[in-house]
Amino acid sequence: MAPRPPTRDQDTKAPRKANEATFLTPTEKVTMGLGACILFTLLPFVGTVVATAVLWDFLDRGCTGRPLDGVLMTFASWVNRATHDFNKQFVKHEADSYLLNAVVLLAIFIPGLWGFCLYSTITYGFSAYLCYVYHVIRIGPYFMNFAYVYTLCHKEGHSRIGLFKQPYGRVLNNVFNWWIGLFYGVLPASFAYGHSINHHRYNNGPSDVVSTSDKPRDSFYNFLCYLPRWTGYAINLTTTLQFFRENNSRVAVKMITGSLYWFLFAYAVYLINPTFAFWYLVFPLGENILLLACVNWCWHAFLNPNDPEDEYVGSITIFDGPINVLNEDFHVVHHQYPGAHWTNHPKLYDKHFQLKEYSKHVATVFKETHAFELFFLIILRKYDIMAEKFVLLEGTLTIDEKKALIKERLVSYTIITAICIYNIYIYTYIYILHRL
């Protein structure tokens, strides 16, 4: 039998504190080098597309106001309100009536635009300009299309009964992960099984294949080391191996099925035009790897130095965020109630707030920010700015005390987690040899 890592309840040792030098082992140097290759290969292209999308939103709102206050997002909100009464008949929750409009945009218009680009590439050859314009339109102003696709893949993955009423659900209940996601670098099954079963079972613990808790998070170098880990998850590799290692072959086969679905689609397009397949299918996967690695690094950047399982510290909450898509900013609530409808998140937050649980734990709460901004504040060690945005729900702390608290939570790590994360690969290797 292959050895097994510690269970979640064994992951309770007090976290350690360290600087980057602690992790400069030969293995870490390799992963850091690989992470640097991933980052600096993707960054010029992904960064250009995202920067253009942000500029698009900035110009759309007349260079004033907050993100998403522009003409396009205002028009989109009006369309959702105007079609609400008609659309609500198709969805299980009335507040999800906007989903029909999202399907029109993301499941019909974007694939149609993709098809036009394929036709143009076959007929006239590859156009870098057309490809660039397509990707900017695809992710939308302030990358909101991207944000909604991944949020809805996330919500759909957690919804065991689907988002749409029958008989419409027979066609639409997996549309985000199994159709729309193809154009955004989502491998089917990654949210429904890899995320929902692995990440939410272990909650950033030793067997969570995307755990952030084995290194200080206020470090650009440690983030480089993390990128290969996230890449393994994004391509369904490490989660599939983990399920096999846990003798959960049923779920592992579902992961493989989802992976094959994406790779066969990509291979079919490759046979038509290899250049198109790379830039229109592989590139979005790289975009997924880079952007979602940043998001997860931020969501789980903080660790209670006295209790690594403290969910009020280990997941963040953001108040009045400019891009709070479907209440994802209540991330503590999401981990407490993974299947809860997004409209209930504020109520569930208030429930635990009234019980003084957030204040008792001195929860990691920020205001007027978003995951990407907070990510950069973390890796650049902008403790002053984070302290200004940190919300203390009860009592008082000076700015210096807030800075000390934030830094303590960012530099703390669990040594047992660090060991187990790397042992996942060792255990998997032993398991495969054992089965052979």
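Visitor: What volume does the second largest pocket have?
Guide: In this predicted model, the second largest pocket is lined by 19 residues, of which Leu43, Leu291, Cys294, Phe375 and Phe376 lie nearest its centre. The volume of this second largest pocket is about 380 Å³.

Visitor: Which element gives the largest share of the lining of the second largest pocket?
Guide: The elements that give two or more residues to this lining are α1 (26-60), α10 (220-234), α13 (274-299) and α18 (371-379). By class, the lining has 16 nonpolar, two polar and one charged residues. The largest share, six residues, comes from α1.

Visitor: Is α10 largely enclosed by the rest of the structure or left open, and how many of its residues are buried?
Guide: Buried here means under 20% relative accessible area. α10 is largely enclosed by the rest of the structure, because the buried count among its 15 residues is 13.

Visitor: Which residue caps the N-terminal end of α10?
Guide: Just after α10, Asn236 takes a positive phi of about 65 degrees. At the N-terminal end, the backbone nitrogen of Tyr221 lies 3.3 Å from a side-chain oxygen of the capping residue, Ser219.

Definitions and conventions. Residues are numbered from 1 along each chain as its sequence is written. This is a predicted model: local features need pLDDT of at least 70, side-chain atom pairs count only at pLDDT 80 or more; totals for chains, interfaces and linings use all residues. Side-chain values use heavy atoms; hydrogens and water are left out. On a 1 Å grid over the protein atoms alone, a cavity is a set of points where a 1.4 Å probe fits but cannot get out, and a pocket is an open set with protein on both sides within 12 Å along at least five of seven lines; lining residues have an atom within 4 Å of a point. Grid points are joined across faces, edges and corners, and a volume is the space filled by probe spheres set on the points. Helices (H or I, at least four residues) and strands (E, at least two) are DSSP runs, numbered from the N terminus. Ala, Val, Leu, Ile, Met, Phe, Trp, Tyr, Cys and Pro count as nonpolar, Asp, Glu, Lys and Arg as charged, and the others, Gly among them, as polar. Buried means under 20% relative accessible area, exposed over 50%, partly exposed in between (1.4 Å probe, protein chains only). A polar contact is a pair of N or O atoms within 3.5 Å; within protein, one must be able to donate a hydrogen and the other to accept it, and residues adjacent in sequence count only if both atoms are side-chain atoms.
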